[in-house]
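This report looks at one helix and its surroundings, and then at pairs of charged side chains. Please keep the sequence and the model in view while reading.

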Amino acid sequence: YFMSKNKITLDQGTDVKKVFEKIKDKYRNQPVNTEDGLKIEFDTDWVHLRTSNTEPIIRIYSESNLEKTAENIAGRLMMDIREAMM
């Protein structure tokens, strides 16, 4: 399996709970876990979003059996986060 690790800087005043709710709603047909951030499962792949305790960022971890798929999932969620911050 391959893991892609990314981060996105949050705009000042971003309500992360609202951002996560929008993303959770967008992927409502996928299994979602909200224990430690937001984890979304896609068949054999997954992505985990979590905020940093020390920086205004969201960390994006994705995993797949193909490196390109892991990168694509992370990229898609980064676009979703940017959209949700608008």
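What is the relative accessible area of Arg59, and is Arg59 buried or partly exposed? Arg59 has a relative accessible area of 25% and is therefore partly exposed, where buried means under 20% relative accessible area, exposed over 50%, and partly exposed in between (1.4 Å probe, protein chains only).

The model is predicted, so local features need pLDDT of at least 70 and side-chain atom pairs count only at pLDDT 80 or more, while totals for chains, interfaces and linings use all residues. Residues are numbered from 1 along each chain as its sequence is written, and side-chain values use heavy atoms, with hydrogens and water left out.

Helix H2 covers residues 67–85, helices being DSSP runs (H or I) of at least four residues and strands runs (E) of at least two, numbered from the N terminus. Among the buried residues of H2 are Ile73, Leu77 and Ile81; the buried residues fall within an arc of 160 degrees seen down the axis, so they line one face of the helix, the arc being that of the directions from the helix axis to the C-beta atoms. On the other side of H2, Lys68, Met79 and Glu83 are exposed.

The whole structure holds 5 salt bridges, each a side-chain nitrogen of Lys or Arg within 4 Å of a carboxyl oxygen of Asp or Glu. The table lists some of them.

| Pair | N to O distance |
|---|---|
| Lys24 and Glu21 | 3.8 Å |
| Asp25 and Arg28 | 3.3 Å |
| Glu55 and Arg59 | 3.2 Å |

Glu55, the partner of Arg59, is partly exposed at 35%, whereas Arg28 is exposed at 57% relative accessibility.

Terms used:
The expected span of a helix is 1.5 Å times one less than its number of residues.
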